[in-house]
Structure formats: structure tokens, C-alpha cells
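Morning, everyone. Please have the sequence and the model open side by side. I'll walk you through it in a few minutes.

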Amino acid sequence: MLVLGIETSCDETGVALYDEQQGLLGHQLYSQVALHAQYGGVVPELASRDHVRKLIPLLEQLLQQCDKQRADIDAVAYTQGPGLIGALLVGAAVGRSLAWALGVPAMGIHHMEGHLLAPMLDNPLDFPFVALLVSGGHTQLMQVNALADYQLLGESIDDAAGEAFDKTAKLLGLGYPGGAVLAKLAQQGQPERYHFPRPMTRHAGLNFSFSGLKTFALTTWQNSAQDAQTRADIACAFEQAVVDTLVLKCQRAMQQTQLKRLVIAGGVSANLQLRQKLTFAAARWGGQVYYPRLEFCTDNGAMIAYAGFLRLKRGEFDPDLRFNARPRWSLS
Ligand code: KG4
Ligand code: ZN
């Protein structure tokens, strides 16, 4: 079975081919970052229009890269939600139509399911496990019992971790999206200069709150000399606070569920401090941490092709030619 995956939930157009025998054959990604940077955030209408422009050419490139024809495709998986409705509709319309034209099944996939399965693109991983999903739109701890059996353990009550990274980066003048830029700058920061709070770590439970940290960063910045070293020091203090908070809540989730395997996925799982600290902490609690390769932490078509492959193997597919987008859609 050869599955085409299509991802268009936000500002990345991603396509990939996953083969039952050979695994991932190839993937293509087009990022709209440059398009939105001048506005300081994603402009939904521009995102949809750019997906329209880029999706089909990207698909052609993918087929060429993998030396495949359209007729070789056995099924099409597309991101059905959550995300920006116009952007989602582009992938859904193209995916569903292409499947119809080829006479093959189509399958709408949950974007966060794609993220949480992404480590399996490279390494085998058995269920059950705990997943920390940290992206621009979500911060969730999920107990993953099996494919399609997800139980929400905790989530952010305000900003997602990636959103907090982006907003803090913006107020420090690092542009948009600034999560990765902030993380790089943090390496030059002096860790002892500022100490930021670890929000909600004194509360029992597994929920998160990151919006206060961004305000803390703003106040600290406004009351400082606003020089380059201070910018790096604030970036460093902010990153440490987010990472420590995530690590502590993960540890609690592992204790609560008695599970040993932890998956981190979504854009913020690219953060090296988070990976290092979690791996170190997991060794203490006798567990193991799994994360996707860097290019599959952020949005991509490969994770959608793979999730689609697993769902289709279970005999799941869209029941008819109708399709819709689900901009708000709970995984659990
Ligand atoms: O999963 P993703 O590509 O898109 C969503 O589904 O939201 O995640 C994007 C988020 C952005 O907020 C970005 O700033 C953040 O992931 N991000 C990072 C890093 N790389 C990407 N945050 C912290 N450190 C990084 N190295
Ligand atoms: Zn994502």
C-alpha cells in the first residue's frame, strides 16, 4: 500500500509518500514563513491562497523525487483538523478529489495524531505511552493506549508553549515565528541572571499556563538596559522556565500513569534543551524518551501519510465523497 499524505493546516504545505514495505519514500515541504513574517503572524487568507498555489506543484515534485506516478498511489490521507479552516479546506479538497479521480480511498487525519506518531517514522515504538504534544497551537499531555485510544491528562489553560515562545520572541524583537530563534539566542544567555517562575508547578494536576511568563519577560525587558546581553539573558531565563515546567509535568504524568515511555512531538519538541533535560530526567525515573527527527517535529506531510497508513490498515476511510474541515477538534 502506498499512501500519499497532505498537510495544509497552517503555514506549511507538506506532502509525503509512505509505503507499507519500504516506509517513508520521500517528502516535500514548502514553508510560508517569509510570506507571513512581514505581518508578525500567520494571515489565514494568505495561507489558504498559498496552499492553493503550492500544493499541486509540490505533489508533482514528490512523485518525481520518489520515481512514482499518480496511478501508483493506493490511498490519500489529508489533515482534516485542527487548524485554519481555509488552509485545511485546500488540503481536504485536493486530497479528496485526487482520491476520487484515482478511485482510491481517502482519509481525514487529526493533525495532533500525526505529530504524536511522528517518532515512529524512524524508530519502532510500542503502545502504551505518554505523549507531550507541544506546538504553536497545543500543549497537551496525552495517555496513548493504542492507535485512536487517547486520554487527555492535562493541557494549557491559556497560551500553548510554542505560542509563548513566539510571543516572547516577538516582544524581544526577534521576529516571527521566533521560537527557534529565541532558543538559539538563549545559548548565549547567562542562566543565573534572571529567574522566571515555573507556572502551575505548585498546583496538583497536569495543566499548564504559559501566558504569565510572556508578561514576566516583557516587564523584565522593559525594566532593563535593553541591550544584546540582556536580550539573551531573558531568552535563556524564559526557555529554562518553560522547559523545567514541561519536564516536571511530564515526570508527574509518568508517575500517575505508571508508564515508562514518553513521546515528545510538535514544533517545540525540536527544542534541544527540552530534549536534553527530558532525556536526563527520564533516565532517573527509569523511562525512555522518544522524539521525531528534527524535520518532523514541526508540521510536515510525512506524519500525515504515516497516520493515514495506520488508519487505513484498520479499514478506516472516508465513507463517501463528502469532505469537511474540522478547525476545532479534540484528539481525545
Ligand atoms: O507543530 P508546529 O510546526 O505547528 C503547529 O502545529 O503549531 O509548531 C510550531 C511551533 C512554533 O510556535 C515555533 O516557534 C515552535 O514550534 N518551535 C520551537 C522551536 N522550533 C519550533 N520552539 C522552541 N524551540 C525550538 N527550537
Ligand atoms: Zn503542528
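Let's start at one contact. A polar side-chain atom of His115 lies 3.1 Å from an oxygen atom of ligand 1. One reminder before we go on: this is a predicted model.

Now stay with ligand 1. Taken alone, ligand 1 exposes 550 Å². The protein buries 86% of that. There are other polar contacts to look at. The side chain of His111 has an N or O atom 3.2 Å from an oxygen atom of ligand 1. With Asp299, look at the backbone instead. A polar backbone atom there is 3.0 Å from an oxygen atom of the ligand.

Which residues come nearest to ligand 1? There are 18 residues around the ligand, and the nearest are Gly136, Asp166, Gly267, Asn271 and Asp299. What kinds of residue make up this shell? Five are nonpolar, 11 are polar and two are charged. Helices contribute too. Helix 4, helix 5 (161-171) and helix 6 (179-186) each supply at least two residues of the shell.

Next, the metal. Which residues coordinate the zinc ion, ligand 2? His111 and His115 each use NE2, and Asp299 uses OD. The distances run from 2.0 to 2.1 Å. Now find these donors in the sequence. Their spacing is H-x3-H-x183-D. Look at the pair His115 and Asp299, which links distant parts of the chain. His115 is in helix 4, residues 111-117. Asp299 sits in the loop between strand 10 (288-290) and helix 10 (302-313). The two are 184 residues apart. Are they buried or exposed? Both His115 and Asp299 are buried.

Last stop, the strands. Find strand 9, residues 261-265. Why call this strand largely enclosed by the rest of the structure? Because four of its five residues are buried, and buried here means under 20% relative accessible area.

What does strand 9 pair with? One partner is strand 6, residues 129-134. They run in the parallel sense, over four bridges. Pick out one bridge: Ala131 has Val263 in strand 9 as its partner. Strand 10 also pairs with strand 9 in the parallel sense, over three bridges. There, Arg261 stands opposite Gln288 in strand 10.

Technical notes: Residues numbered from 1 in each chain as written. Chains lettered and ligands numbered in written order. Predicted model: local features only at pLDDT ≥ 70, side-chain atom pairs only at ≥ 80, totals over all residues. Heavy atoms only, no water. Donors = N, O, S within 2.8 Å, 3.2 Å for Na, K, Ca; no water. Buried < 20%, exposed > 50% of the residue type's maximum accessible area, 1.4 Å probe, protein only. Near = heavy atom within 4 Å. Polar contact = N/O pair within 3.5 Å; in protein donor to acceptor, adjacent residues only side chain to side chain. Areas by Shrake-Rupley, 256 points an atom, 1.4 Å probe, with all protein chains shown as cover. Nonpolar A, V, L, I, M, F, W, Y, C, P; charged D, E, K, R; others polar. Pairing = 2+ DSSP bridges.
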